[in-house]
Amino acid sequence: MRRFGACLAAAALSVTAVTAMSTQEVQAQDKELTLCWAAWDPANALAQLGKDFTAETGIEMNYEFVPWTNFADRFINELNSGGKLCDLLIGDSQWIGGSATYGHYVKLNDFFEKEGISMDDFAPATVHAYSTWPKGTPNYWALPAMGDALGWVYRKDWFARPELREEFKAKYGHELEVPKNWDEVKHIGEFFQGREIDGKTVYGLGIYTERGSEGITMGVTSAMYSWGFEYQNPDKPYDMPGYVNSPEAVEALEFYKSLYDCCTPPGHSDAYMVANLDAYKSGQVAMQMNWFAFFPGIAKDEDVGGDKSGFFVNPAQKVAASTLGGQGISVVAYSDKKDMALEYIKWFAKSDVQKKWWSLGGYSCHVDVLNDPNFPNTAPFAADFLKAMDGVKDFWQEPTYAELLQSMQKRVHDYVVAGNGTAQEALDKLVVDWTEVFEDDGKL
């Protein structure tokens with residue numbers, strides 16, 4: 001359009017030429033798609049991968065990548081307003097219920113059947129979490145796109161120092177190594193808290209404490225799941241008393257607060273993904289929790305990559321479980337280019353495309369990638385990624401997830417970070433909050 005305006009101002013084109021150019025522009029725009037996602041390393045890998053799609057189809061790919069701090073607000077508002085910015089959207093797993101219920105996403109069942117795309121070709125946990133609504137039913141609103149779970153990174157080079165290993169074992173009675181449970185996580189955090197390493201004061205743990213979006217919920221659930229936390233009675237949906245506020249849930253929340261109190265860097269009271277990454281890459285902490293999606297970047301980092309870092313799955317306490325991350329890719333119902341968007345879905349579902357997606361730094365959910373006998377050897381974190389995805393649990397995916405999330409963010413942050421009340425009181429209040437949400441939604 002800039003070229004059109006400039007030429008018109010110069011009066012250098014005839015009306016016929018201008019009409020022809022406008023037609024060409026419209027045709028060019030008709031052969032392009034906009035894919036919306038968060039702005040992070042996997043998005044850059046997806047843009048690189050998309051060049052193959054353009055080469056095969058002639059369809060140009062545009063990208064709207066928004067920082068995580070604004071990601072949810074930006075694209076949920078876009079969906080709620082019926083906006084046409086996004087033809088394809090890689091939305092969070094929690095959005096699937098609302099997006100299906102309110103008609104934001106195109107249902108993909110007929111398309112999958114027509115094109116021979118089988119959900120059996122993708123890891124069951126990712127199909128359940130990223131694609132289905134109602135949960136567990138064969139109603140598909142997305143293709144699994146980016147598998148992810150919460151894992152841990154540690155300073156392998158620090159753990160290997162003989163003098164530290166000797167001191168640690170003398171104090172705690174076990175080796176300074178990858179923690180087998182959350183008690184050992186705390187031992188490591190305490191051991192490194194305020195210690196001097198190479199002339200610099202360091203701290204124990206980078207954990208999630210952020211209040212504004214979802215951070216502290218993702219953090220505390222990584223502990224609560226390991227204590228056996230359940231959102232509801234497995235035999236009676238939305239029956240929460242005695243589950244959300246169970247003795248095990250209370251114990252896990254108390255333990256998470258103890259980690260915040262004993263073992264985090266100064267000022268780590270509103271930390272999520274980027275803050276943890278910064279603390280770790282700057283050599284400030286011995287360990288951090290973060291999403292597997294960031295691990296390729298850490299492995300390549302010039303300061304902490306290579307042999308300096310190790311990776312491990314979320315530790316078990318009473319059960320083995322990990323907080324689910326990741327997303328599916330959906331066709332936006334308001335797009336005027338749904339046929340081309342579906343063409344992209346068909347292409348992205350191919351086994352060879354999925355293999356390249358993993359090689360570029362994306363986390364494929366395709367069984368041809370994950371079940372390859374050599375997969376655990378393809379990256380230093382690949383084997384742990386497989387373990388994590390075998391035991392993932394996710395937050396509510398209800399259409400009212402935003403209200404549910406806001407309540408949990410408030411209750412657990414008030415207790416863990418602000419130090420208000422007890423863990424039992426925080427979870428009791430959360431049951432009351434969630435009960436009101438489900439009553440208003442007609443579920444109770």
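Over residues 213-350, this predicted model puts 40% of the chain in helix and 16% in strand.

Domain 1 takes in 32-148 + 326-393, and domain 2 takes in 150-323 + 397-441. Their C-alpha centres lie 27 Å apart. Where the two touch, domain 1 brings 31 residues to the contact and domain 2 brings 25 residues.

Now for the helix pairs. Two packed helices are described by the angle between their axes and the distance between the axes.

| Helix pair | Axes come within | Crossing angle |
|---|---|---|
| helix 3 (residues 41-57) and helix 16 (residues 351-360) | 9 Å | roughly 140° |
| helix 11 (residues 215-226) and helix 12 (residues 247-263) | 8 Å | roughly 130° |
| helix 19 (residues 401-416) and helix 20 (residues 423-440) | 9 Å | roughly 165° |

Take helix 11 and helix 12 to begin with. Their axes cross at roughly 130°, which means helix 11 is oblique to helix 12. The crossing of helix 11 and helix 12 is right-handed. Helix 11 makes the contact through Gly-219, Val-220, Ala-223 and Met-224, while helix 12 answers with Ala-249, Ala-252, Leu-253 and Tyr-256. Sort the residues of this contact by class and you get seven nonpolar, one polar and no charged.

What does the pairing of helix 19 with helix 20 look like? Their axes come within 9 Å and cross at roughly 165°. Angles over 145 degrees count as roughly antiparallel, so helix 19 is roughly antiparallel to helix 20. This crossing is right-handed. From helix 19, the contact uses Glu-403, Leu-404, Ser-407, Met-408, Arg-411 and Tyr-415. Helix 20 supplies Ala-423, Ala-426, Lys-429, Leu-430, Asp-433, Trp-434, Val-437 and Phe-438. By class, that makes nine nonpolar, one polar and four charged residues in the contact of helix 19 with helix 20.

Then there's helix 3 with helix 16. Here the axes cross at roughly 140°, which makes helix 3 oblique to helix 16. The crossing of helix 3 and helix 16 is right-handed. On the helix 3 side you'll find Pro-42, Ala-45, Leu-46, Gln-48, Leu-49 and Asp-52, and they meet Val-353, Lys-356, Trp-357 and Leu-360 in helix 16. The contact of helix 3 with helix 16 divides into seven nonpolar, one polar and two charged residues.

Two spots in the backbone are worth a look as well. Which residues does a cis peptide bond join? Trp-133 and Pro-134, with omega at about -10°. Pro-134 belongs to the loop between helix 7 (124-130) and strand 4 (143-155).

The other spot is Asp-198, which has a positive phi of about 50° although it is not a glycine. To find Asp-198, go to the loop between strand 5 (196-197) and strand 6 (200-201).

Terms used:
Residues are numbered from 1 along each chain as its sequence is written. This is a predicted model: local features need pLDDT of at least 70, side-chain atom pairs count only at pLDDT 80 or more; totals for chains, interfaces and linings use all residues. Side-chain values use heavy atoms; hydrogens and water are left out. Axes are lines fitted to C-alpha atoms, for helices over the stretch in contact, and angles run from 0 to 180 degrees between N-to-C directions. Helices (H or I, at least four residues) and strands (E, at least two) are DSSP runs, numbered from the N terminus. Angles under 35 degrees count as roughly parallel, over 145 as roughly antiparallel, 65 to 115 as roughly perpendicular and the rest as oblique. A crossing is left-handed if the near helix is turned anticlockwise from the far one by less than a right angle, and right-handed if clockwise. Contact means heavy atoms within 4.5 Å. Ala, Val, Leu, Ile, Met, Phe, Trp, Tyr, Cys and Pro count as nonpolar, Asp, Glu, Lys and Arg as charged, and the others, Gly among them, as polar. Domain bounds come from an automatic or database domain assignment.
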